[in-house]
Amino acid sequence: MVPARYRVADRTDESADTVTLTLEPIDRPIPTPGPGQFSMLWAFGVGEAPISLSAIDGTRLGHTVRAVGPVSRALASAPVGATIGVRGPFGRGWCPPGDDAGPAVVVAGGLGLAPLRPLIAALVAARPRRSVRLAIGARRPEDLLHRGDLRRLVDEPGVSVDLTVDVADRGWRGRVGLVTDLLDASTVSGTEPMAYVCGPELMMWFTARRLLDLGLAPERIQVSLERNMHCAIGWCGHCQLGPSFVCLDGPVYDWAEAEPLLAVRGR
Amino acid sequence: MNAIEDLLGAALPDLPEAAIGQLAALGRTRHFDPDDRLFTMDEPAETFHVVRSGLVAVEVEGPSGGPATIETVGPGDVVGVSWLLPPHRWVFSARAIETTETVAFDAALVLDRCGRDPTLGYQVHRWFAGVIHRRLMAARLRVLDLYGARP
Ligand SMILES: Cc1cc2nc3c(=O)[nH]c(=O)nc-3n(C[C@H](O)[C@H](O)[C@H](O)COP(=O)(O)OP(=O)(O)OC[C@H]3O[C@@H](n4cnc5c(N)ncnc54)[C@H](O)[C@@H]3O)c2cc1C
Ligand code: FES
């Protein structure tokens with residue numbers, strides 16, 4: 001599968017090591033992705049990495065990249081005008097709550113807010129039929145991503161935004177504590193919500209546990225798993241987790257599917 | 001039931017109403033403006049609070065640099081645990097971040113009442129065991145760096 005060429009149309013610095021790139025096609029665009037899907041991004045001359053869609057706007061794609069290794073560093077430092085290769089979209093994304101107009105609970109930890117962003121946009125667009133509750137955790141206030149979005153969402157009727165960080169000085173007037181502390185009985189009261197959780201595995205594990213303890217059914221909790229990937233089309237087996245190929249069957253799973261997969265790794 | 005009894009009833013669901021009433025009688029409603037202190041580290045731990053509304057920061061102040069917030073405490077939760085055990089001094093400071101209402105309890109009176117009524121004492125200690133357990137779990141997870149950990 002040959003990558004399509006995209007141009008970096010815009011860059012937004014999100015934090016010290018994380019940037020959101022807006023990509024537009026130079027010639028043919030990839031098919032329109034859905035929330036929760038990912039692309040394989042090529043930094044030419046360096047390599048390829050799976051990166052989730054953090055914005056979908058016609059043929060323009062948003063990708064939020066944290067510089068952790070060679071490929072992500074090359075992507076994160078790509079200037080406006082640079083060419084990047086894109087394969088995709090891949091994987092099974094977030095499954096929207098359907099037409100039952102039930103509430104949605106979105107729980108994000110750290111970089112996990114990025115793959116949830118297109119879903120949040122879709123959920124907010126579906127109001128006033130549906131209330132949307134966002135619970136977002138980060139290490140420090142300066143690690144909170146997409147702050148412009150969050151500021152706008154705070155003023156949206158039917159949307160609640162709760163933020164918490166692990167470490168803060170007096171300049172931070174918000175909450176300090178775990179993202180799971182933002183979830184309480186009111187999170188799941190009334191019509192059973194659909195919960196969407198994304199962040200490091202440990203954070204998703206404890207968040208799912210908390211939601212289960214509060215009485216939410218495992219089928220109503222969705223999480224997005226990350227595994228090393230190579231082909232992204234089910235050939236190479238790099239992303240295999242138990243019987244599942246994360247690139248095809250995931251990255252989004254409901255908790256009834258995800259819990260045994262995560263247990264496989266622990267054995 | 002009055003508002004203080006409601007608050008305690010939610011925290012101590014196993015306690016009979018009469019005991020809730022006794023405990024509630026020891027509580028006084030307090031109001032704090034943003035940045036007001038509830039208590040200060042190293043001072044005698046004489047009063048603990050249950051937050052009714054608002055948000056309280058639990059802070060540590062080092063010899064250099066400004067205070068760091070360890071956690072924030074919101075409605076229904078407890079501020080102050082050091083009164084339970086010797087040396088009965090605050091390990092941390094607490095400060096209102098927002099306009100905050102609490103129910104403040106005189107620790108000596110509560111300890112005295114618990115000593116004389118073992119059922120009440122057991123329930124109060126169970127309540128605080130729950131608070132301490134929750135905070136210990138949260139502290140452990142934060143040591144693991146929940147958001148930066150490699151999947
Ligand atoms: C479905 C899917 C979606 C993803 N979406 C995104 C996304 O939207 N944005 C994004 O930035 N990344 C995302 N990733 C993760 C990204 O693909 C990896 O971080 C990738 O390994 C980066 O390649 P690299 O060559 O830069 O680093 P590598 O050489 O693979 O890794 C370099 C070092 O960084 C460590 N490392 C790798 N990944 C992480 C991580 N996620 N957190 C902390 N340390 C890490 C490695 O252990 C290694 O020590 C996603 C992964 C998957 C599977
Ligand atoms: S990445 Fe090759 S099979 Fe999934």
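## Exercises on two touching chains

In this predicted model, 25 residues of chain A are in contact (heavy atoms within 4.5 Å) with 24 residues of chain B. Chains are lettered from A in the order in which they are written, and residues are numbered from 1 along each chain. Local features need pLDDT of at least 70, side-chain atom pairs count only at pLDDT 80 or more, and totals for chains and interfaces use all residues.

**Exercise 1.** Find how much area is buried between chain A and chain B, and which residues of chain A lose the most.

*Solution.* Start with the total: about 2,300 Å², with 57% given by carbon and sulfur atoms. Buried area here is the accessible area (1.4 Å probe) that two parts lose on being put together, summed over both. Next, look at chain A: Arg170(A), Arg173(A) and Leu178(A) lose the most area to chain B, together 29% of what that side buries.

**Exercise 2.** Count the salt bridges between the chains and locate the one made by Arg142(B).

*Solution.* A salt bridge needs a side-chain nitrogen of Lys or Arg within 4 Å of a carboxyl oxygen of Asp or Glu. Between chain A and chain B the count is 2. Arg142(B) pairs with Asp166(A), their closest N and O atoms being 3.8 Å apart.

**Exercise 3.** Identify the strand of chain B that pairs with E10(A).

*Solution.* Strands are DSSP runs of at least two residues, numbered from the N terminus, and two of them pair if DSSP finds at least two bridges. E10(A) pairs with E5(B), residues 68-73, in the antiparallel sense over 2 bridges. Within that pairing, Ala168(A) has Thr69(B) as its bridge partner.

Conventions. Heavy atoms only, no water. Helix = DSSP H or I, 4+ residues; strand = E, 2+ residues; numbered from the N terminus.
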